[in-house]
Amino acid sequence: MIDIKDLIENPETYRASQRARQADEAAVDALISAQESRNAAITRFETLRAEQKSFGKKVAQASGEEKQQLLAEVKELSHQVKAAETASGEAEDQLRRLQGAFPNLIHEGVPAGGEDDFVVLREEGAARDFEAEGFTPKDHLELAERLAAVDMERGAKVSGARFYFLKGIGARLELAMMQMGLDQAVEAGFTPMITPTLVRPETMAGTGFDVEHDDEIYRLERDDLYLVGTSEVAIAGYHSDEILDLDKGPERIAGWSTCYRREAGSHGRDTRGILRVHQFNKLEMFIYCSAEDSAAEHAKLLAWEEKMLQKMELPYRVVDIAAGDLGLSAARKFDCEAWVPSQSTYRELTSTSDCTTFQARRLNIRERTLKEDGSKGPTRPVATLNGTLATTRWLVAILENHQQADGTVRVPEALRPYLGGMEVMTPPA
C-alpha cells in the first residue's frame, strides 16, 4: 500500500499518478478525508477514555447523592466510550480499505495511458526474412507436433481446454531452458527456491492481487487457498512480518514454480498452442532491497532478462508499460517482447516490475536502519521487485525463430550443453 503520510504531504503528486493511470483522482481526497476521520475518531475515543478513568477516582472519593449522581454519569460515559471505540475501529477499517485499493505511486517518466500506450524503448536483433530463405514459417504448434514435443489433444482430454502435455524434446527443451536460467541467476547471486503454489488469502492480497474480484485467480474454496499465477506471490510472503538485514546488499531469490491463470478475459484469443494457457512453469527473479536501491535493481533485472533472450538468439524489443496497465503494485514495468514469425508481431516473454515499498507495507516487511554511530536505528519498509527469467511461453519463440525449411529446429548454441550437445531438434523416427 502507499505511504499515507507522503500522500497527505504531496497530494498533487498522487493526483498526477492517478491521472496517468486513468484512475480516479478523487481517491486521493477520499484517503485524506478518511485519515482525518480516523484521527478525529481516535482522539475522541482517547479523550473519553481518559475522562472515564478520572471519573473512577471521583466516584471513589464521593458519597451519598453525589456518588449516585457520579455513578449515573459514569454509566452514560461508559456507553459513549464504547460507541467511540466502535467508531474508531470503523474509521480505521475504512482507511485501510481505501488505502488497500489505492495503486502504487508511479515513477517519473512512466508513459500515461492504458494498455496500448506503451513506449518502445529499443529493438534488439533482426527478424529473419523467411521469404528470402525460400519458405513460409510454420507456427509453433505445427512445429511442436511434428517434433512430438507437445500433445494438446490429450491435454484437453485430461484437463480441458488450454491444457497440454509437454513430452519428449518439448519437456527436455523446457527443463534445459529453466536450468540455463537458474545457472545464470545463481551466478548473479540469486538463491534458488522451489516455492509453494498454494497460498493463503492474506499472502495473495498482500502481494497486490484482488482476491475478491480478480477473475484470473484460481481459488480452492474448501481450503480458502489460492493457486499462484507467479512465484512472486509466495516469495513476497516469505518474509512477511519480518525485519530484514540488508546491510550487505539486496536479497535475491530465483523462484521456480508451476503457475496457474484462468485467462478469463481472453476468450477466443491465442487459443492455438501454448501461447496462452492455464498452467505453465516459470523461473522468477525476486529482490528485497532498500528503497533507494530499487531503481538500480530494476535496471539489473531487465539486463538479466535481456541476457537470457540474447542467449536464446531471439529478436526482441523492450517496452515501457503505460501507467494504466501497471496493475496495483508496480511503480514501473518493463516488458521484453520476442518476435513471433507466424504472427508477424512481438509477444511478451518477460516482465519486470519495481514495486517500491508497496508490497512490503501490505506484508509488513521491514529493514533495520543504522545510525551514524553504527548503532541500530528505526525500521522502515523494504522495496520489492520481480522479473521473469524463463517461462513455458518461451518455447513458442524458440521453435518459430529457429525453425528450418525441413521442419527441424536449430538449438541455440548457449542451450546445447543443457541438451547433451544437441544441435538440431528433429522429428522422432
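Lys and Arg count as positive here, and Asp and Glu as negative; His and the chain ends are not counted.

Figure 1. The protein carries 52 positive and 72 negative side chains. The centres of these two sets lie 4 Å apart.

**Figure 2. Overall fold of the protein.** The predicted model holds 13 helices and 18 strands. Along the principal axes, its C-alpha atoms fill a box of roughly 105 × 55 × 35 Å. Contacts between residues at least 6 apart in sequence were examined, and 73% of them join residues at least 24 apart.

**Figure 3. Surface and interior.** The protein has 429 residues, and 48% of them count as buried. Its accessible surface comes to about 20,900 Å². Carbon and sulfur atoms account for 47% of that surface.

Figure 4. R200 sits in the loop between β5 and α9. Strand β5 covers 198-199, and helix α9 covers 201-207. R200 has 56% relative accessibility. The cut-off for exposed is over 50%, so R200 counts as exposed.

**Figure 5. Close-up of R200 and its contacts along the chain.** Residues up to four places away in sequence are left out here. L227 is 27 residues from R200 along the chain. The C-alpha atoms of R200 and L227 are separated by 9.2 Å.

Conventions:
Residues numbered from 1 in each chain as written. Predicted model: local features only at pLDDT ≥ 70, side-chain atom pairs only at ≥ 80, totals over all residues. Heavy atoms only, no water. Helix = DSSP H or I, 4+ residues; strand = E, 2+ residues; numbered from the N terminus. Buried < 20%, exposed > 50% of the residue type's maximum accessible area, 1.4 Å probe, protein only. Contact = heavy atoms within 4.5 Å. Areas by Shrake-Rupley, 256 points an atom, 1.4 Å probe, with all protein chains shown as cover. Charge placed at Lys NZ, Arg CZ, Asp CG, Glu CD.
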